[in-house]
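Good morning, and thank you for coming. Please keep the sequence and the structure in view while I speak.

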Amino acid sequence: MNLVNLENVAKAYGPKPLLDAVSLGLDEGDRVGVVGRNGGGKSTLVSVLARETEPDAGRVTHARGLRLGYLTQRDVFPEGATVRSVVLGDRAEHEWAGDVRVRDILAGLLADLALDAPLAGMSGGERRRVALARLLVPESDLLLLDEPTNHLDIEAIDWLARHLKGRKVALLVVTHDRWFLDEVTDRTWEVVDGSVERYEGGYSAYVLAKAERSRIAAATEAKRQNLLRKELAWLRRGPQARTSKPKFRVDAAQALIADEPPLRDSVELTRFATARLGKTVYAIEDVTVELGGKELFTRTTWQLGPGDRVGLVGVNGSGKSTLLRLLDGSVQPVAGTVVQGKTVQLAHLTQNLEDLDPTRRVLESVEEIRRRITVGKREWTASQLLERLGFAGDRQWTPVGDLSGGERRRLQILRLLMGEPNVLLLDEPTNDLDIETLTEVEDLLDGWPGTLVVVSHDRYFLERITDHVVALLGDGRVSMLPGGVDEYLERRAAGNAPKPGAPPAAEKPAPPKPKGGQDWKARKELDQLERRLEKLAGQEADLHEQLAAHATDYGKLQELDGRLREIQAEAATVEEEWLMLAEDLG
C-alpha cells in the first residue's frame with residue numbers, strides 16, 4: 001500500500017532550490033535513510049512529506065486515514081507539561097500499564113525519569129527521550145524522524161534501533177549517525193543539488209553503490225572518489241560485524257579498494273608520537289574527584305601513552321567530560337596525582353562552541369593560528385583544509401558571525417588542528433556535522449601522530465578513529481573494554497555496571513561458586529586461565545615500554561609491534577575461554 005507520494009515537488013528558500021521537481025513515494029514496510037550535506041534540503045524534504053511545509057510547486061498526497069508520527073529536530077512542549085501529560089496524555093493507568101509495548105518504551109527511554117516530573121529544566125537528552133516516547137507510544141503507519149539520535153547516549157541509541165527494527169511500521173529517518181542508518185534502514189536517499197538520488201541498502205551499501213556509480217561514470221571529481229575508497233577500505237577492514245552484513249556485498253568493490261593503503265600505519269604513528277611526546281603523556285595515580293558533593297572518581301589509576309587512540313564511553317553523569325577536564329587541568333583532584341608529560345601540547349574540543357570574533361573572516365580565523373601544517377606526509381595550507389571541511393571558494397571569506405552551528409563546529413576543529421597539538425581531547429566532536437564532513441575529519445585524524453581521547457555517542461566514529469575503548473560504568477573507575485562498545489552495552493544490559501555512587505567493584509568478575517565437587521577440574525582450569533591472563537598483561541605492559549624506548553628504531557618497532565599483536569590476540573582468546581568456562585560453572 002502506498003502511504004505518501006510527492007509529484008514534481010519544488011521548494012526554495014532564496015535563489016537556490018532545495019527541492020527541484022522531486023517525485024518519489026513511501027510504501028508500507030519501507031525503511032529509508034536520508035543523507036546529504038547540512039543545509040542541502042534533508043529536513044525540508046521530511047517536512048514536506050509530513051505536510052508541515054507547503055511546496056512551492058507540485059503535489060503531496062497521503063493515504064486515507066494515514067497514522068503519521070513526525071519527530072522534528074526541536075522538542076517543543078506545552079508550558080507546565082510533565083512527562084506523564086506529554087507521553088501518556090489522559091490514558092488511564094490500567095490501560096497503558098497493561099500494554100507490553102508501552103511499558104517497553106517507558107523502560108527503554110524514561111526509566112530514570114519520574115512520570116510526574118516537570119519538563120522545565122530538563123537536559124536536552126532528557127527532553128529528546130520524552131519527545132521520542134511521545135512519538136512511539138501511539139500506533140503509527142509511518143514514522144518520519146529528523147535527527148532522532150541527537151543528545152542521546154549510546155544505550156538509548158541502541159535501544160531505539162532495536163525498538164524500530166522490531167516494529168512493523170514504515171520509517172524514514174534523517175541522521176548523521178551511520179551506525180544507526182545501517183541498523184534500521186534498507187534504502188538510502190541522498191538529497192543533493194535539489195534532487196533525491198535513491199540507493200538500495202543502508203549506509204554501507206550506499207557507500208558501495210555510490211562509489212561504483214562514480215567508477216562506472218568516471219565523472220566524479222578525484223577528491224570525492226578518494227574519500228569513498230577510504231570509507232570502503234574502512235568498511236572492509238573494520239569490525240567483522242560490519243562486513244558480515246548480508247546487505248553489504250563489499251567484495252564487489254575489490255577493484256575500488258585494491259590499492260588503498262591501510263587507514264593508519266600504527267607503527268609509524270607510534271614512532272612519531274613517541275618522538276614528540278616521550279614516554280610519559282598522562283599518568284593518573286590513585287585519584288579521587290568530587291563535584292557538587294558527588295564523588296565521580298574513587299582512587300582511580302589510569303595511564304595514557306604516546307600514540308594511544310582511546311574512545312571513552314559511559315553512563316550519563318559518570319564523569320566523561322570531567323575526566324577530560326581532569327587531564328586539561330581545569331578540574332583538580334581532592335586526592336591522588338595527575339602527572340602530565342613535559343612535552344605535552346594539549347588541545348581540548350569541548351561541547352560548547354568557543355567564542356570567536358564574529359567580524360573576522362573564516363580564513364583569517366584559521367590563519368591567525370597557523371598558515372600551513374603537515375598531516376601525515378603531506379603539507380596543507382589553511383585554505384586547502386578549509387575546503388576539505390566544506391568551506392569552498394567564497395565561503396572562506398564569510399564572517400564568522402554568519403556561520404551555522406555546524407560550520408562553527410568545523411571551524412573550531414580546524415583551529416585546534418592548526419595549532420599542531422600532540423594530545424587531542426575531543427568531547428562530542430561529531431555534533432552538528434554531516435556525513436561528508438565526518439569522513440573528512442576522520443581522514444585528517446588518520447594521519448595525525450599523537451595521543452587522542454574521544455568522547456562520542458557516534459559508534460561509527462569511535463570505531464573508525466580509535467584503537468581501543470575504555471568506560472566509566474558509574475563505579476568511580478576507568479575500565480578497559482577489549483570488546484569495545486558491544487561489550488559496554490552487554491555489561492550494562494547484564495547489570496554488571498554499578499550505579500553512580502556504588503562502591504568500586506573488582507575489574508574482573510569473581511569466579512562463580514562451585515556447584516559441587518565434580519567441578520574441581522573446571523575450577524582448576526579457570527585458575528590457570530586467570531594466571532595466564534595476568535602473565536600476558538605483564539608481557540603487554542613490558543612491550544609498551546619497549547616500544548617507547550625504541551621510538552627511533554623503525555626496524556625494532558616493527559618487530560615489537562608484531563609481538564604485541566600476537567600477545568593481544570592470545571589474551572583475547574584466553575579471556576574468551578575464561579568467560580565461557582565461568583558461564584558453564586555458573
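The model is a predicted one: local features need pLDDT of at least 70, side-chain atom pairs count only at pLDDT 80 or more, and totals for chains, interfaces and linings use all residues. Residues are numbered from 1 along each chain as its sequence is written, and side-chain values use heavy atoms, with hydrogens and water left out.

Let us begin with the interior. I call a residue buried if its relative accessible area is under 20%, exposed if it is over 50%, and partly exposed in between, using a 1.4 Å probe and protein chains only. A nonpolar core is then a set of buried Ala, Val, Leu, Ile, Met, Phe, Trp, Tyr and Cys residues joined through side-chain atoms within 4.5 Å. The largest such core has 52 residues, and those touching the most other members are Val83, Val87, Leu110, Val130, Leu136, Leu164 and Phe180. Apart from this core lies another, of 44 residues, which includes Val366, Leu411, Leu414 and Leu489.

What does Val83 touch, not counting residues up to four places away in sequence? Its partners are Leu88, Leu110, Ala114, Leu115, Ala117, Leu119, Met122 and Val130, where contact means heavy atoms within 4.5 Å.

I turn now to the sheet. Helices (H or I, at least four residues) and strands (E, at least two) are DSSP runs, numbered from the N terminus. Two strands pair if DSSP finds at least two bridges between them. In what order do the six strands of the open sheet lie? The order is β14-β17-β18-β12-β19-β20, and the pairing is mixed. At the edges are β14 (346-349) and β20 (479-481), each pairing on one side only. On average, neighbouring strands of this sheet are turned by 20° against each other, direction ignored. For such angles, axes are lines fitted to C-alpha atoms, for helices over the stretch in contact, and the angles run from 0 to 180 degrees between N-to-C directions.

Within the sheet, β12 (residues 309-314) and β18 (residues 451-455) run parallel and are joined by four bridges. Arg309 stands opposite Leu452 in β18. As a general point, strands of a sheet pair through backbone hydrogen bonds, either parallel or antiparallel.

Two helices lie across these strands. Helix α13 (residues 320-328) lies across β12, β14, β17 (423-427), β18 and β19 (468-472), and runs at about 155° to β17. Helix α16 (residues 405-418) lies across β14 and β17, at about 170° to β14.

Finally, consider the backbone. Most residues other than glycine have a negative phi. Ala21, however, has a positive phi near 55°; this residue lies in strand β2 (residues 17-27). Arg299, in strand β11 (residues 294-304), has a positive phi near 50°. At 59% relative accessibility, Arg299 counts as exposed, whereas Ala21, at 48%, counts as partly exposed.
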